[in-house]
Amino acid sequence: MDAPGSSSSYFSVGSSSSGAVVLLHAKELKNWDDFEDILEERRHVSDLKFAMKCYTPLVYKGITPCKPSDIKCSVLSSEEIHYVIKQLSRESLQSVDVLREEACEILDEMSHKLRLGVIRFFAFALSKIFKQIFSKVCVNEEGIQKLQRAIQEHPVVLLPSHRSYIDFLMLSFLLYNYDLPVPVIAAGMDFLGMRVVGELLRMSGAFFMRRTFGGNKLYWAVFSEYVKTMLRNGYAPVEFFLEGTRSRSAKTLTPKFGLLNIVMEPFFKREVFDTYLVPISISYDKILEETLYAYELLGVPKPKESTTGLLKARKILSENFGSIHVYFGDPVSLRSLAAGRMSRSPYNLVPRYIPQKQSEDMHAFVTEVAYKMQLLQIENLVLSPWSLAVAVLLQNRPSMDFDALVEKTLWLKGLAQAFGGFLLWPDNEPAEEVVQSSILLHSNLASLVRDQVILNVDSGDSEVVDGLIFQHITLLMCSAYRNQLLNIFVRPSLVAVALQMTPGFRKEDVYSCFRFLRDMFSDEFIFLPGSTLRDFEEGCYLLCKSETIQMTLRDILVTEKGNAVLEFLVGLFKPFVECYQIICKYLLYEEEERFTEKQYLAAVRKFTGQLLDQGASQCYDVLSSDVQKNALAAFVRLGVVEKKKINNENIFSVNEPATTKLQDMLSCKTPIGKPTAARL
């Protein structure tokens with residue numbers, strides 16, 4: 001929660017100058033000269049020679065040499081597993097031997113079998129595949145150098161963003177390329193259904209975890225001890241995705257805390273001196289699974305991972321997916337994060353092997369660290385020209401004059417850079433060629449026909465493809481690329497929408513509206529808990545920097561130059577406000593007193609589909625299951641929907657007065673359009 005205080009204390013940006021917060025919010029622009037295209041060398045050197053190179057990776061100075069089988073023995077003989085098995089034996093009346101056998105089976109199921117021969121096989125195969133489908137794989141060399149030093153000093157945890165299955169393959173490939181230890185990677189059990197491929201992944205460093213533990217205390221104890229043993233021994237960097245799963249919408253998903261809790265524990269129990277957390281940002285010009293993601297967002301079940309499915313996916317080898325940029329962030333010391341914030345004393349009061357219930361302070365600390373790591377990932381994600389162009393196209397759909405698109409995209413490029421965006425834009429090429437190349441790369445989504453850029457919302461033969469409306473597939477795929485912009489635009493956009501929704505232009509009123517919107521959309525975007533004021537100040541600072549607004553002691557005033565900026569920002573954020581308005585309308589329309597999440601998703605999809613068919617709405621984003629789930633979570637948090645667990649299933653019911661009130665607050669009786677705040 002934000003610290004309470006008087007309204008005047010909320011606004012350290014309250015002076016007419018925004019200089020007071022420049023140091024707080026200014027961001028250092030990245031230098032593209034720091035990046036190296038690793039595929040350039042691969043194109044001139046034999047793949048076999050690369051795979052069979054002398055591989056002697058730098059290792060942790062405190063490493064305990066061991067084999068994968070030694071780790072399993074260490075886990076089974078640990079005091080913690082002995083203690084948990086004894087406790088469970090008393091509770092369940094099962095013998096210690098039976099529980100120990102179960103622990104062995106759990107370890108056999110989850111553990112990796114890292115083998116150099118399989119790593120070399122993947123190096124050979126991935127080198128060929130990446131050269132075929134990517135034009136470049138760019139890596140910041142400075143980040144690699146810092147990682148090299150970090151790996152030798154303390155145990156390392158790699159925390160990459162997650163947009164594609166390629167992510168974990170790419171990271172292992174890169175670490176092998178730079179003679180760094182290949183990581184051990186937390187993977188879902190789904191991959192074990194791929195038979196041969198699943199075992200190859202196991203032998204390349206993957207260890208497998210169930211999606212849910214279902215209150216299984218033995219499984220949790222074995223899994224956590226397995227991860228902690230690898231971390232304590234410095235066996236290899238431990239890699240996992242804070243988001244828990246791939247983001248289908250290109251927005252960063254709110255973090256999961258389970259694995260982060262586990263990897264922090266050895267430090268707090270004084271089993272290691274420090275642990276480095278390394279945020280890694282992986283950016284794609286074109287995402288391999290873009291069509292699959294749109295299908296899943298429209299309600300088509302995710303296909304089960306299988307070797308057959310992988311073989312069918314071979315057709316991607318004939319496609320061009322542009323470039324990948326991998327940015328290794330600075331290693332973050334857990335010791336430094338905890339200094340003056342968390343004490344390790346409580347862990348000294350009981351033996352280390354006894355599991356302890358997490359305190360509220362520790363939960364708050366883990367939550368804060370998770371969001372900080374995600375914000376560092378977001379800061380280093382690369383924006384492509386296509387993300388700019390498609391954002392403009394979606395506000396002018398279904399078509400736009402090519403010259404007008406280039407002009408507006410260049411304008412947006414300047415705004416993105418002013419807001420601190422990490423932008424990929426070839427300076428040695430004319431803007432027309434850059435935009436045209438982007439359209440060509442995404443020719444499945446847009447076409448250039450007689451100086452008109454047209455979104456491909458018509459399949460030609462039929463409006464329906466695989467039971468889905470073709471237009472909806474295309475638009476959701478486009479919105480995923482637009483969403484990449486929201487990483488840097490979300491705070492100024494929220495200020496812009498708050499200005500539009502607030503009747504006057506008092507700073508205090510705008511802040512109150514901003515706070516409401518930020519809370520409403522905290523499942524859609526990544527905000528550091530308790531930093532509402534800081535986020536508001538950052539949004540205002542960026543708008544002042546771009547000469548969109550001016551701030552007096554009490555008011556926020558919009559400049560004439562700022563009209564176009566605010567109109568674009570409101571348009572960028574408009575789909576999310578409209579989505580929540582439509583879902584509020586559905587909840588008031590809902591006749592069932594109680595419903596499950598599955599029933600809600602099916603019914604809201606049908607309801608919103610009818611609105612779109614009737615022309616009552618043009619907000620296709622509301623068809624996304626991600627938005628629908630996030631809205632439900634927000635409404636539960638705000639008391640609009642009540643949630644109860646009945647027979648181990650979440651049951652929801654609508655609070656109609658609260659829903660009506662929320663709908664009025666979202667609309668503010670002012671249609672979303674051009675900003676209506678005071679002008680200079």
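1. Let me start with R506 and E508: these two form a salt bridge (a side-chain nitrogen of Lys or Arg within 4 Å of a carboxyl oxygen of Asp or Glu), and their closest N and O atoms are 3.8 Å apart. R506 is partly exposed at 34% relative accessibility, and E508 is partly exposed at 29%. Here buried means under 20% relative accessible area, exposed over 50%, and partly exposed in between, with a 1.4 Å probe and protein chains only.

2. A word on the basis. This is a predicted model, in which local features need pLDDT of at least 70 and side-chain atom pairs count only at pLDDT 80 or more, while totals for chains, interfaces and linings use all residues. Residues are numbered from 1 along each chain as its sequence is written, and side-chain values use heavy atoms, leaving out hydrogens and water.

3. Next, have a look at E80 and K228, whose salt bridge has its closest N and O atoms 3.2 Å apart. E80 sits in helix α5 (residues 79–92) and K228 in helix α11 (residues 217–233), so this pair ties together parts 148 residues apart in sequence. Helices are DSSP runs (H or I, at least four residues) numbered from the N terminus. E80 is buried at 10% relative accessibility, and K228 is buried at 3%.

4. D47 and K131 also meet through their side chains in a salt bridge, at 2.9 Å from N to O. D47 belongs to helix α3 (residues 47–51) and K131 to helix α7 (residues 116–133), so the link joins parts 84 residues apart in sequence. Both residues, D47 and K131, are buried.

5. For the overall tally, the model has 29 salt bridges by this rule.

Note on methods. Helices (H or I, at least four residues) and strands (E, at least two) are DSSP runs, numbered from the N terminus.
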